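Open the model in your viewer and keep the sequence panel beside it. We'll go from stop to stop, selecting a residue each time and looking at what surrounds it.

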Amino acid sequence: MPALLRLLLPDRPDARAERVPVPCAARPGTPFRHLDGPCQCFFGGPAPEFPPTAGSPA
């Protein structure tokens, strides 16, 4: 029964797992990452972002 309830009820904001940046499947040779979950570029999903950098080289 608890498994069925998890399917029917939406996730609570405090119950979400911490998301990890995922490489963009549509642009595999680039450093683009999706910060909001798996790549959905092929389906019109959110655009990827560049990973954060430590700053400009000295």
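In which segment is P48 found? Select P48 and you land in the segment after strand 2 (33–34); strands here are DSSP runs of E with at least two residues, helices are runs of H or I with at least four, and both are numbered from the N terminus.

Before going further, some ground rules. This is a predicted model, so local features need pLDDT of at least 70 and side-chain atom pairs count only at pLDDT 80 or more, while totals for chains, interfaces and linings use all residues. Residues are numbered from 1 along each chain as its sequence is written, and side-chain values use heavy atoms, with hydrogens and water left out.

**The whole chain**

Zoom out and colour by pLDDT, the predictor's confidence in each residue, from 0 to 100. The mean for the protein is 76, and 57% of its residues reach 70 or more. Confidence is lowest in helix 1 (residues 2–8), with a mean of 62, and highest in strand 1 (residues 22–23), at 91.

Now put a surface on it: the accessible area is about 5,200 Å² (Shrake-Rupley method, 1.4 Å probe; for residues, only the protein chains shown count as cover). Carbon and sulfur atoms account for 62% of that surface. Of the 58 residues, 9% count as buried, where buried means under 20% relative accessible area, exposed over 50%, and partly exposed in between (1.4 Å probe, protein chains only). As for contacts (heavy atoms within 4.5 Å), residues 24 or more positions apart supply 2% of those with a separation of 6 or more.

**Back to P48**

Go back to P48 and show its surroundings. P48 counts as buried because its relative accessible area is 14%. Setting aside residues up to four places away in sequence, P48 touches C24, R27, F32, R33, H34 and C41. Draw a C-alpha to C-alpha distance from P48 to P21 as well: they are 27 residues apart in sequence and 9.7 Å apart in space.

**R27 and F32**

Two of P48's partners, R27 and F32, deserve a stop of their own. R27 lies over the face of F32, at 5.7 Å from the ring centre. For a charge to sit over a ring, NZ of Lys or CZ of Arg must be within 6 Å of the ring centre and within 35 degrees of the ring normal.

**H34**

Next, select H34, in strand 2. Is H34 buried or exposed? H34 is buried, because its relative accessible area is 1%. Show its contacts, again without residues up to four places away in sequence, and you get V20, P21, V22, P23, C24, C39, C41, P46, A47 and P48.

**V22**

One of those contacts, V22, takes you to strand 1. V22 counts as partly exposed because its relative accessibility is 27%. Beyond four places in sequence, V22 is in contact with F32, R33, H34, G37 and P38. For G37, the separation is 15 residues in sequence and 6.5 Å in space, C-alpha to C-alpha.

**The cysteines**

Select C41 itself, in the segment after strand 2. Leaving aside neighbours within four places, C41 is in contact with C24, A26, R27, H34, P46 and P48. The C-alpha atoms of C41 and R27, 14 residues apart along the chain, are separated by 9.2 Å.

**Last stop: D36**

Finish on D36, also in the segment after strand 2. D36 is partly exposed, as its relative accessible area is 40%. Not counting residues up to four places away, D36 touches R19 and P46. D36 and P46 are 10 residues apart along the chain, and their C-alpha atoms are separated by 8.3 Å.
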